[in-house]
Amino acid sequence: MIALVLALVTLLPMTALAEPIHDSSVLQAQSTRTAPLTIDEVLARIELTHPLLQATGAERTKARAKILKALAAWEPTFKNITEAQRYNTWNLTTSPFLPFFSTGGYNDSKLDVGHPWGFRVQGGLRHGFGDRANQNFTAIIPHDLLGFYPQQMLIVSGSFQLLRGLMMNDEYAEFQQAELAGPQAEIKVAQKRQDLYLAGAVQYWDWQVAVKQADVVKRALAVAEERLIQVQGLAKGGKAAPLDVVEVSQEVQKRREAAIAAQRKVEYEQYKLSLFLWEKNEPVTPRPEWAPEFQGETPLPTEDEVAAYKADAKEDRPEVRDLYIEAKKNNIDIKLAKNKLLPKLVLEGGPTPGAVDWIVGIGYRIGIHAEMPLFQREARGKVMAAEVGQQQLALKQQYIEQQVSFDVDNWLSAIVRARDRVKAATEALRLAKTLEEGERTRFNMGATTVLFVNLRERNVVESAYQLYRAQADYAVSKGGMLWARGLLSKPWPTESLAKYGNPLTAAGMYGYKQPGRD
């Protein structure tokens, strides 16, 4: 199928029917298209190229950024620290007048690694320097964990959260919630997709109704113009009154005004539909001849199928799925809040960081840090807030599930009533055409007036309006049922997308189906 490429349309101010002006190359590309614009193509193009859906697809990249940001809390970090100190000693045994000056220091090169469970480990090398080191006082330089020479040693240090922060801490909770940002981004895409699909389908059928109604009005205008010529001829021969010519002329003007309004309606609807049809970053304006015929009636679902629709909708609708994600995030908040009720107990150890200690001898330290607020107000407040949030989500889920069931019942009712309207409108149009033909025959025989013929023809136009509107509402109701079941939140079939573009770039995917980590 040839791709649709249509420039933006500008309207010249006219008093008659306005025709859009197109770029010549685009007009040539359009003139080669003979296939009608189907609802399948509309939805496929929304999935492939709609800017709002692509913008929502960027939420996947944001989710990946959140994961990378959370992982930075335990990212391996290289550290290099150099410290130097100078000190002096003075007593009666050294010199009665001059103090003794010494300089010492160290350079640490180590790697700091953290773990989500709440402990950190550091390891590396320490290089010593200074007066005492140069004087080779090896007796006071420790020989445990020595490196390649006496002034070098291995260093190991770390800390461990024993109670508060063990296997659940602020950083780990942030990371767990960041991992849920990926599924939540997909839900946002699904929500935007189903909204655009339904809005595009409704606009597609509104455009189709406008085209069909404009065609009826134009045909009625053509009939009135032919009758005007006929009545004018009869009036010249003395077989019709001049007043009949005036009445027919008035009817022609009324129908011409209705045709202009119908053409404006078509242009308005096609411009609105163009916002759902994009090609090369520009909206594509559909042509009236692309409007297809309305589809026929489809079987109604059974009671068992309706029950299955409701059960599936409670699993597939983005609104329900989003509540599940929010519940998981809230459970993480509850676990973190309850963990903060525990006392803080940190076990840590490592070499003494003082520079002078290298001269006088390396010392290792080990300690336990304990801390606990007396009233635990912050922790109890967080637990209370998280538990209240859980209750709110439960109540909201109850409401959303009932709303999903209501949507299925509502759109099923819309299908039934629209189907009945189509049947009634079809019969009404058939009867209106019968009356029109009979009245026209009577007029040709001189048994009636132009006024009654005009009334019958207006009735046909109005009946056709009602039929097209009922057919569009029937199509909308079937699409609404797909929306209520959650089917419009799922990507359009790949075989349909491949007809109009690259499925890998659908919905702003850019080749990434799921956000991940390094």
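**Exercise 1. The nonpolar cores**

Which residues have the most contacts inside the largest nonpolar core? Name the elements that give two or more residues to this core.

*Solution.* Start with the ground rules. This is a predicted model, in which local features need pLDDT of at least 70 and side-chain atom pairs count only at pLDDT 80 or more, while totals for chains, interfaces and linings use all residues. Residues are numbered from 1 along each chain as its sequence is written, and side-chain values use heavy atoms, with hydrogens and water left out.

Step 1: A nonpolar core is a set of buried Ala, Val, Leu, Ile, Met, Phe, Trp, Tyr and Cys residues joined through side-chain atoms within 4.5 Å. Buried means under 20% relative accessible area, exposed over 50%, and partly exposed in between (1.4 Å probe, protein chains only).

Step 2: read off the residues. The largest nonpolar core has 67 residues. Those with the most contacts inside it are L37, I46, Y204, W205, W207, V231 and M481.

Step 3: assign the elements. Helices (H or I, at least four residues) and strands (E, at least two) are DSSP runs, numbered from the N terminus. Helix 2, helix 7, helix 8, helix 9, helix 12 and helix 13 each give two or more residues to this core. Helix 7 brings the largest share, 19 residues.

Step 4: look for a second core. There is a separate one of seven residues, including M168, L180, I187 and I325.

**Exercise 2. The largest pocket**

Find the volume of the largest pocket and describe its lining.

*Solution.* On a 1 Å grid over the protein atoms alone, a pocket is an open set of points where a 1.4 Å probe fits, with protein on both sides within 12 Å along at least five of seven lines; lining residues have an atom within 4 Å of a point.

Step 1: take the volume. It is about 560 Å³ for the largest pocket, counted as the space filled by probe spheres set on the points, with grid points joined across faces, edges and corners.

Step 2: go to the centre. The lining has 29 residues, and the closest to the centre are W205, A475, K478, G479 and L482.

Step 3: trace the elements. Helix 2 (39–49), helix 7 (181–236), helix 9 and helix 13 (450–485) each supply at least two lining residues. Helix 13 provides the largest share, eight residues.

Step 4: sort by type. The lining holds 18 nonpolar, seven polar and four charged residues. Here Ala, Val, Leu, Ile, Met, Phe, Trp, Tyr, Cys and Pro count as nonpolar, Asp, Glu, Lys and Arg as charged, and the others, Gly among them, as polar.

**Exercise 3. Salt bridges**

How many salt bridges does a search of the whole structure find?

*Solution.* Step 1: count. The search finds 36. The criterion is a side-chain nitrogen of Lys or Arg within 4 Å of a carboxyl oxygen of Asp or Glu.

Step 1: take R126 and D108. Their side chains meet at 2.7 Å, N to O. The pair links distant parts of the chain: R126 is in strand 3 (residues 119–130) and D108 in strand 2 (residues 100–115), 18 residues apart. Both are buried.

Step 2: move to helix 12 (residues 377–444), where K382 and E378 lie four residues apart, about one turn of the helix. Their closest N and O atoms are 3.3 Å apart. K382 is partly exposed at 35%, and E378 is exposed at 57%.

Step 3: stay in helix 12 for D420 and R417, three residues apart. Here the closest N and O atoms are 3.7 Å apart. D420 is partly exposed because its relative accessible area is 29%; R417, at 53%, is exposed.

Step 4: check for networks. R227, E251, R255, E436, E437, R440, E457 and R458 are linked in one.

**Exercise 4. Y309**

Is Y309 buried or exposed? List its contacts.

*Solution.* Step 1: locate Y309 in helix 9 (residues 303–316).

Step 1: classify. Its relative accessible area is 16%, so Y309 is buried.

Step 2: list contacts (heavy atoms within 4.5 Å). Not counting residues up to four places away in sequence, Y309 touches P301, V408, M481 and R485.

Step 3: compare sequence and space. Y309 and D409 are 100 residues apart in sequence and 9.9 Å apart in space, C-alpha to C-alpha.
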